[in-house]
Amino acid sequence: MAPIRVLPPTVAARIAAGEVITRPLSVVRELVDNALDAGARHIDIELSQGGYDLIAVHDDGGGICSADCQLLGIRHATSKLPLDAVLEISTLGFRGEALASIFAVADVEIRTRVSDEALGTRVTREAEMPIQRAPIARRTGTSVEVKRLFRRMPVRRNSADPASEQRLILRWVTTCALVNPAVGFTLRNDDRVLFSSRPAAFQEALENAWGASVAQRLLPFGPLLCGDVQFDGVISGPSTHRSRRDQVVVSVNGRMCSVPELSQALERVWREHLPRGRYPYLVLRICAPPAAIDVNIHPSKDVVAMSAVSGLAALVERELHAVLGRALYQPADTVRLVLRDSSLDGHSASEATAGYETGTGWGQRIVEAGSLPRLRIVGQVDDTLIVCETANGALLIDQHRAHERVIFERLRDRSQQRFAPPIPLHLSGHALRLVEERNDELNDAGWIIELCPPHSAILHACPVGFEPGDLIGILEHAGTESNAPFLAAVACHNAIRKRQPLTVDAAEALLAALTLTTNPTTCPHGQPIILQLDHRFLERQFVWR
Ligand code: ADP
Ligand code: MG
């Protein structure tokens, strides 16, 4: 082995820089953050070869004065933290690391001027040469050009995939424009414009990023206050979702980031409102006093810790449940309603069933007051869907899912009936094992069961609306669906089925209960309960206008 020696500063810098600047996207992020911190209104980003050959960021922000230019490229040189700072950070950068790191892994040219100096400064560093500085003429603002990134890091250079890097950068810039609507962005790759926006209001930024048809269907929420933290934003309704999380955008004080406890609350919202594995479009903007956040817990600065985050997470979760619960499903514009001959087959048969015989009075019943609009119950289709009229058109309501929702909320709210004296249960060995395994979940749902080994169990309480004997069926059902959330599985098992004729009384009772739930539009598995055929949709489909 060679003797120990201290690495020359250039090599040490390159090693440290490798952690900060891992790919072209990291350069873009750091340079755009700097431009935003400098108060830019317009930021232009140019790439060549996905950023591997060139990344240039031009801004019209405050610039860097010539005295400060002496320090550019030196590690931990920053204007953003006062010397005695307790880490109270209100800028995107604060470590004074980005430029020094970029200097270590690429050729760099910075041209900058502040408004109260006549001349600007050019700072260049090529290959391993010393940093050069020279006065230049230019307008106020800063341009940073980064060339031949990772020239001396063959592994990174060789694993370069310019096309995919360009896609990632495009996605990041698009999101950044959403979080900073007051700033205009352009992104070009080899002279082709990939994205452009002008300084605008939030709504325009949404349309620009996600297209008009998504933007028009977004549901706004907030601003709401949780202590001295404020939040607001938009979320797509339950019929608009994606297979990836990449349009779930959370920002804290203008920084795109994730906040661990909040992410978990958001996941719970998706689980209840969206089909499994689907994610919404969301922008959640949080404004917090700098003292309440810690942006320094992760090298990439994109995980943020917040004090009193549980209260905030709970409020965000409640608000999103409420907003999504009020949203009705809209069929997509492209839906074609096709009436197949076969759908008429069962017509006469179902008319002969008991439900229809006793079901006089369809069309007369009104359900109102609750989370749904005032409804007139028109009838039942396929013994599966309840058809209603509202002031805004027609609703098709899936009776099974509606009932699931009603039962689910009853279980969740733990309304309980107690038995005095308690009721002995005769359970099989298998059922007893299931009670033992899932006793906590059963407890949460309102069943209080005392096990008296080896054979018997005693039931002290069960949720309102259930009979003691229901337990057996529930255990069997839960036993087979061990991954499904328990309450949703129980609700599903006990709900009225599809293809079950209802009397008008039953339909009315079901809808009256549904409209009292907090989220009448999505079943506990995240599937739609209600499809709305509103006037606009009908007009378009029939070409009435
Ligand atoms: P940090 O952003 O953490 O302070 P950087 O290495 O990114 O560290 O930048 C160092 C300093 O250079 C910043 O603190 C800022 O004063 C200055 N600077 C960098 N980019 C710009 C810019 N686009 N406009 C104005 N000042 C800039
Ligand atoms: Mg910075």
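**Aromatic close-ups**

**View 1. F542 and W544 form a stacked pair.** F542 is exposed, at 52% relative accessible area (exposed means over 50%, buried under 20%, partly exposed in between, with a 1.4 Å probe and protein chains only). W544 is exposed too, at 55%. The ring centres lie 4.7 Å apart and the planes meet at 10 degrees, so this pair is stacked. Rings of Phe, Tyr and Trp (its six-membered ring) pair if their centres lie within 6.5 Å; planes under 30 degrees apart are stacked, over 60 edge-to-face, the rest tilted. The structure holds three aromatic pairs.

This is a predicted model: local features need pLDDT of at least 70, side-chain atom pairs count only at pLDDT 80 or more, and totals for chains, interfaces and linings use all residues. Residues are numbered from 1 along each chain as its sequence is written, chains are lettered from A and ligands numbered from 1 in the order written, and side-chain values use heavy atoms, without hydrogens and water.

**View 2. F221 and F231 form a tilted pair.** Their ring centres are 6.4 Å apart, with the planes at 50 degrees. The pair links distant parts of the chain, ten residues apart. F221 is in strand β9 (residues 218-226) and F231 in strand β10 (residues 229-236). Strands are DSSP runs (E, at least two residues), numbered from the N terminus. F221 is buried at 4% relative accessibility. F231 is buried at 1%.

**View 3. R285 lies over the face of F202.** The distance to the ring centre is 3.8 Å. A charge sits over a ring if NZ of Lys or CZ of Arg is within 6 Å of the ring centre and within 35 degrees of the ring normal.

**View 4. The charged end of R156 sits over the ring of F150.** It is 5.3 Å from the ring centre.

Methods. Helices (H or I, at least four residues) and strands (E, at least two) are DSSP runs, numbered from the N terminus.
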